[in-house]
Amino acid sequence: MPFATSAQDILRYRSHRRVHRFFRNRALDLMGFMQSPHQEARLSFLSFHFLFEDEHDNFRRLLEYVSNHFLVVSYSEAVRLVKEGGIEENTVCFSADDGFENYLEAARIMNEFDMSGCVFVCPGIVGVRDFASIKTFNNDRLKGPALPFMDWDQISEVIELGHEVGNHSMDHLNLGIITEEQLSHQITEAHKHIVDRLGSCTHFAWPYGKPATVQDALFPILKSLDYDSVASTIRGHYLDRDHELVYLKRNNFEPYWPLNHTKYFLHSDRYA
Ligand SMILES: [Zn+2]
């Protein structure tokens, strides 16, 4: 099988972390079970990467839980709530990084629950169909097995389904270690491609999402292009009194996780 087709394929690729994962999972089983909803209303950004067929049922269970316990808003609405305030009940929004082909199915499943998300794409790999190039991009840039990406027609379909599309840089490089000139190219080229195809783009998520993989020069570049938001993968939540204007915190989850594990990250202020 040339492409990864299940969550198991992802886990096999990460098998060197098996022992770490075992202990982390047992801790999350317990902590997720003990966690109860917090008192003060807060907004959480939940992010993921891919959704395989063997995860659909589990993903639906999560969406069902979230729709029963949270207000689910679009990404743009969540950004507005962080900037302008108005978080009056526990609120969640979804986003996904990298623009894998299987986001399309995630988008359709979210629609079953009247939800939408924002998918962050890298135009440098959008529509590439050559297996070797896809495999190299996944191995080198995403540290994962070969998995196909959406093309522009599929990205347009995502928009038609009511989801949003954001900029994840041109080629998914570590933006923390490239020159300012390369950085500017990575952002503005990607912006141009997305705007040419879709008309506009106002949300950015930087690759890898950690402080070490970004540099301050990113922020004025995005400002000059009129971006509304910059997202990290640093965990955290927003209360109504927070007005984070530098970058957004997001809580990563994997759709195959037991519900308790995602609940732990949704409800806790402490992170395993
Ligand atoms: Zn990424």
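**Strands, core and loops of a predicted model**

Colleague: Where in the chain is the place of aspartate 216?

Modeller: Aspartate 216 sits in the loop between strand E6 (203-205) and helix H9 (218-224). Helices (H or I, at least four residues) and strands (E, at least two) are DSSP runs, numbered from the N terminus. Residues are numbered from 1 along each chain as its sequence is written. This is a predicted model, in which local features need pLDDT of at least 70 and side-chain atom pairs count only at pLDDT 80 or more, while totals for chains, interfaces and linings use all residues.

Colleague: Is aspartate 216 buried or exposed, and why?

Modeller: Aspartate 216 is exposed, because 8 other C-beta atoms lie within 10 Å. A residue is called buried if 20 or more other C-beta atoms lie within 10 Å of its own, exposed if 12 or fewer, and partly exposed in between, with C-beta atoms placed from the backbone.

Colleague: What distance separates the C-alpha atoms of aspartate 216 and asparagine 260?

Modeller: These C-alpha atoms, of aspartate 216 and asparagine 260, are separated by 36 Å, and the two residues are 44 residues apart along the chain.

Colleague: And threonine 179, where does that one lie?

Modeller: Threonine 179 is in the loop between E5 and helix H8 (180-198). Threonine 179 is exposed, since it has 10 other C-beta atoms within 10 Å.

Colleague: Let us step back. How many helices and strands does the protein have?

Modeller: The protein has 10 helices and nine strands. Its radius of gyration is 18 Å, close to the 19 Å that the globule rule gives for 272 residues, so the protein is as compact as a globular protein of that length. The radius is taken over C-alpha atoms, and the rule is 2.2 Å times the number of residues to the power 0.38. The C-alpha trace spans about 45 × 45 × 35 Å along its principal axes.

Colleague: What share of the residues is buried?

Modeller: Of the 272 residues, 38% are buried. As for contacts in the protein with a separation of 6 or more, 72% are between residues 24 or more positions apart. Two residues are in contact if their C-beta atoms, placed from the backbone, lie within 7 Å.

Colleague: Which members of the largest nonpolar core touch the most other members?

Modeller: They are Ala78, Cys93, Tyr103, Val119, Val165 and Val230, in a core of 64 residues. A nonpolar core is a set of buried Ala, Val, Leu, Ile, Met, Phe, Trp, Tyr and Cys residues joined through C-beta atoms within 7 Å. Leaving aside neighbours within four places in sequence, alanine 78 contacts Leu43, Phe45, Val73, Thr91 and Cys93.

Colleague: How many bridges join E3 to strand E1 (residues 42-48)?

Modeller: Six, and the two strands run parallel. Strands pair if DSSP finds at least two bridges between them. Cysteine 93 in E3 is the bridge partner of phenylalanine 45. E3 also pairs in the parallel sense with strand E2 (residues 71-72), over two bridges, and valine 72 has valine 92 as its bridge partner in E3.

Colleague: What kind of unit do E2, helix H4 (residues 75-84) and E3 make?

Modeller: They make a right-handed β-α-β unit. A crossover is right-handed if, with the strands pointing away from the viewer, the path from the first strand over the helix to the second runs clockwise. E3 is joined to strand E4 (residues 117-121) by four bridges, and these strands run parallel. The chain passes from E3 through helix H5 (residues 103-112) to E4 in a right-handed β-α-β crossover.

Colleague: Why is E4 said to be largely enclosed by the rest of the structure?

Modeller: E4 is described that way because five of its five residues are buried.
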